[in-house]
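Please read the points below alongside the sequence and the coordinates.

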Amino acid sequence: MTTWDGQLRIDHLADAGTVVLTLITVEPATEMRLRAGLVAEFVAADLHGPPASVVVALQNGRLPWDVAQLLGARVSAAVADLLGAGRSGQWLDLDLVEVDNLAVAWAPYRVVTLAPASASTGALGVWADELWTCLGVRGWRDALRALSGPAPAVGTFRGDDPALADALQGTWRLPDELAAVVGVEPEVTWSLRRTEQDAIEIDLRARSSGRPARAVLQAGLDDRSQRWAPFETEGSGGLRARLAASEEAVSVRFRSETRRTS
């Protein structure tokens with residue numbers, strides 16, 4: 001396991017419209033473009049560590065909301081202070097708890113980066129006091145890219161080619177802790193279809209576990225839009241959510257939304 005001393009460098013690259021956060025380490029890291037405007041590096045030898053670096057494109061002169069939540073209040077405030085003061089860079093010392101919090105928050109992205117072959121099973125992260133995970137199987141991304149081209153017909157793509165059918169449907173597994181909180185079985189099935197409007201729809205289905213749920217399960221594309229779709233009841237214990245795919249073949253994120261009582 002890598003030893004982290006908590007020295008965080010924050011740099012604002014004004015010409016590029018990005019902020020670079022580097023948690024100092026001498027260990028080699030693996031880089032992953034998570035989506036447009038978000039790149040992260042994780043130390044290959046540390047399967048439980050925080051991101052070694054994050055490069056994020058600013059939105060309206062500030063951090064995207066989700067990235068700010070993942071970085072935590074103190075780091076996000078330091079970035080905001082840096083941008084507000086017009087400085088190009090600064091150092092921030094994090095304690096061990098803050099480093100561990102970064103590791104927990106970014107765990108789903110760490111798995112996608114370091115172990116993409118096992119990405120059909122999500123890692124558990126904590127985001128704004130809610131649980132979340134990120135799933136983006138390589139085959140699913142390839143299928144989505146293929147569907148972005150001209151379509152021969154309307155409807156769900158199954159066809160006569162078994163390989164094509166398998167590429168356009170599958171099963172993901174949510175972390176057990178997330179599934180328990182939202183009251184569903186861990187398995188979520190997905191399929192892709194093209195709509196009559198020539199858009200690509202991602203159809204997600206889950207089943208109720210029959211146990212009490214403290215939160216609602218939501219799904220959203222990791223495309224900077226911050227749009228989330230709740231899973232809604234669809235008879236016989238079935239739950240369903242639909243997402244409109246963006247032009248970029250990105251991962252799907254799942255999160256809990258705690259039921260609020262007045």
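**The sheet and its surroundings**

Residues are numbered from 1 along each chain as its sequence is written, and side-chain values use heavy atoms, with hydrogens and water left out. As this is a predicted model, local features need pLDDT of at least 70 and side-chain atom pairs count only at pLDDT 80 or more, while totals for chains, interfaces and linings use all residues.

**Strand pairing**

- Helices (H or I, at least four residues) and strands (E, at least two) are DSSP runs numbered from the N terminus, and two strands pair if DSSP finds at least two bridges between them.
- Strand S1 (residues 7–13) pairs with S6 in the antiparallel sense over 5 bridges, and Ile10 has Gln90 as its bridge partner in S6.
- S1 is also joined to S2 by 6 bridges, the two running antiparallel, with Val20 in S2 as the bridge partner of Asp11.
- S1 and S2 form a hairpin with 4 residues between them, and Gly17 in the turn has a positive phi of about 70°.
- S2 and strand S5 (residues 51–57) pair in the antiparallel sense over 5 bridges, and Thr22 stands opposite Ser53 in S5.

**Burial and packing**

- Strand S2 (residues 18–23) is mostly covered, since 5 of its 6 residues are buried (under 20% relative accessible area, with exposed over 50% and partly exposed in between, for a 1.4 Å probe and protein chains only).
- Helix H4 is largely enclosed by the rest of the structure, because 6 of its 8 residues are buried, namely Ala107, Pro108, Tyr109, Arg110, Val112 and Thr113.
- Ser53 lies in strand S5 and counts as buried because its relative accessibility is 10%.
- Ser53 touches Leu21, Thr22, Val39, Ala40 and Glu41, not counting residues up to four places away in sequence, where contact means heavy atoms within 4.5 Å.

**Cavity and pocket**

- On a 1 Å grid over the protein atoms alone, a cavity is a set of points where a 1.4 Å probe fits but cannot get out, a pocket is an open set with protein on both sides within 12 Å along at least five of seven lines, and lining residues have an atom within 4 Å of a point.
- The count comes to 1 cavity of 30 Å³ or more, and the largest cavity has a volume of about 70 Å³, a volume being the space filled by probe spheres set on grid points that are joined across faces, edges and corners.
- The lining of the largest cavity includes Leu8, Leu21, Ser53, Leu71 and Trp106, and its largest share, 4 residues, comes from S5.
- By class, this cavity lining has 10 nonpolar, 1 polar and no charged residues (Ala, Val, Leu, Ile, Met, Phe, Trp, Tyr, Cys and Pro count as nonpolar, Asp, Glu, Lys and Arg as charged, and the others, Gly among them, as polar).
- The largest pocket holds about 320 Å³ of space, and of its 17 lining residues the closest to its centre are Gln69, Leu70, Leu71, Gly72 and Asn101.
- The largest share of the lining of the largest pocket, 5 residues, comes from H3, and the lining divides into 11 nonpolar, 3 polar and 3 charged residues.
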